Amino acid sequence: MLLPIPSTAKKTRIEGKIPLIILGSTGSIGKNTLNILEQNRNDFELIGLSANSNFKLFAEQVNKFKPKYAVLANENFSKELLNLVSSQTKLTFGENALVELSQNEEATTVVAGIVGFQGLKTVLTALESGKRVCLANKESIVSGRNLVESSLKKGQGEIIPVDSEHSAIFQCIQGLNHKTDILNLIITASGGPFFGKTKEYLRNVQPKDALNHPNWSMGKKVTIDSATLFNKGLELIEASYLFDIPEERIKVHIHPQSIVHSMVETVDGSSIAQLGIPDMKVPIAYSLSYPEKRFVNVESHIDLLKQSKLDFFAVDSETFPSIELSREALRTGGSATCVLNSSNEFVVEDFLAGKISFLDIFSKVENAFNKFSQTKTSSYNELLELHGEIEKFIKA
Ligand code: MG
């Protein structure tokens, strides 16, 4: 059944201040969201912030923005944080406190900016408590699509995409009849730092080379995923789930300028695209203010006269097998997309730690995928168990 986007997103204008929680405030999405808040102070009431272990930056954010509640998920740094925080904010610690914050009834909107599988739990609990979830955590829907869908139904919450490609598609389909008008989705990819490179070249690349993204400034995990194109694979799955479009109707085009953020082909021969400079504040702001474009926050508009060229290329699937593997995961169904995501998360950790080579990322994800892709799960705990099994297999 069709997941959220076109059918559940609420088209009522948001009146007054938005009572907001930001999960993952010290990450790239969190910092950009706080930047929007700073420029639009009267539009928000900051209910809560959460971070994992970056207690120094978190303390600065808490002192500056004075949320009512703040949660540090990693309890090991509770003393350090308590010493640094001077505001009246109520501080709590640990995973349970994080879940509690995601359900806090004083807030209507939650920015889900936690990276990876570990963000899934709070996406589910926020949706169950009826919140608008501004979804930056693609791994949660890729891992737990069915759980996300049932939480959405249970709590009557809504998901508005923050991932720039999905925000682009969401903007392009406004006013379309989702069931009859859409022919194909076209997701664009910058190609990352290794666009056009051969397998031979990739053999010796180091984490620092992979972290050097040409267009977007993001966290480490998503930057490595951009270099392997697993980010695009996960986004293909995310798009298929969010917009209920099968994988054969989703194309991926390499677009090195990162100006066209994605496109929708309609049945009458039109292609509708969303363009802009690469700035995550744009999709974040739209997810917060949808159905309006309420927050003015961009540094500049794209000047097409200066931008003279927009290039598009096919994906080199021979060198970057990630997109095809993601398509296979979608076709396999069940927990296969979770297996793909979890495998990739642990393999990326090993690559960043210097334990494996860049090309090992592909073969190791494929090995784990082949071993676990048929595993059946039906609850969050079973999914968590599968995630743990995959960790053991990869780290063995
Ligand atoms: Mg993206």
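Modeller: Helices here are DSSP runs of H or I with at least four residues, numbered from the N terminus. The model is a predicted one.

Biologist: Switching topic. How many disulfides?

Modeller: The structure holds 0 disulfides. For Cys134, the closest cysteine sulfur is that of Cys172, 19 Å away, so the two are too far apart for a bond.

Biologist: Is Cys134 buried or exposed?

Modeller: Cys134 is buried, at 0% relative accessible area. Cys338 is buried too, also at 0%.

Biologist: Aromatics next. How many pairs?

Modeller: The count is 13 aromatic pairs. In one of them, the ring centres of Phe195 and Phe313 are 5.3 Å apart with the planes at 45 degrees, so the pair is tilted. These two residues are 118 residues apart and link distant parts of the chain.

Biologist: Which geometry do Phe320 and Phe362 have?

Modeller: That pair is edge-to-face, with 6.4 Å centre to centre and 85 degrees between the planes. Phe320 lies in the loop between helix 15 and helix 16 and Phe362 in helix 18, so the pair ties together parts 42 residues apart in sequence.

Biologist: Which aromatic cluster are they in?

Modeller: One formed by Phe194, Tyr201, Phe230, Phe320, Phe351, Phe358 and Phe362.

Biologist: Last one: what sits over the ring of Tyr380?

Modeller: The charged end of Lys121, 4.7 Å from the ring centre.

How values were computed:
Residues numbered from 1 in each chain as written. Predicted model: local features only at pLDDT ≥ 70, side-chain atom pairs only at ≥ 80, totals over all residues. Heavy atoms only, no water. Disulfide = S-S within 2.5 Å. Buried < 20%, exposed > 50% of the residue type's maximum accessible area, 1.4 Å probe, protein only. Phe/Tyr/Trp six-rings, centres within 6.5 Å; stacked < 30°, edge-to-face > 60°. Lys NZ or Arg CZ within 6 Å of the ring centre and 35° of its normal.
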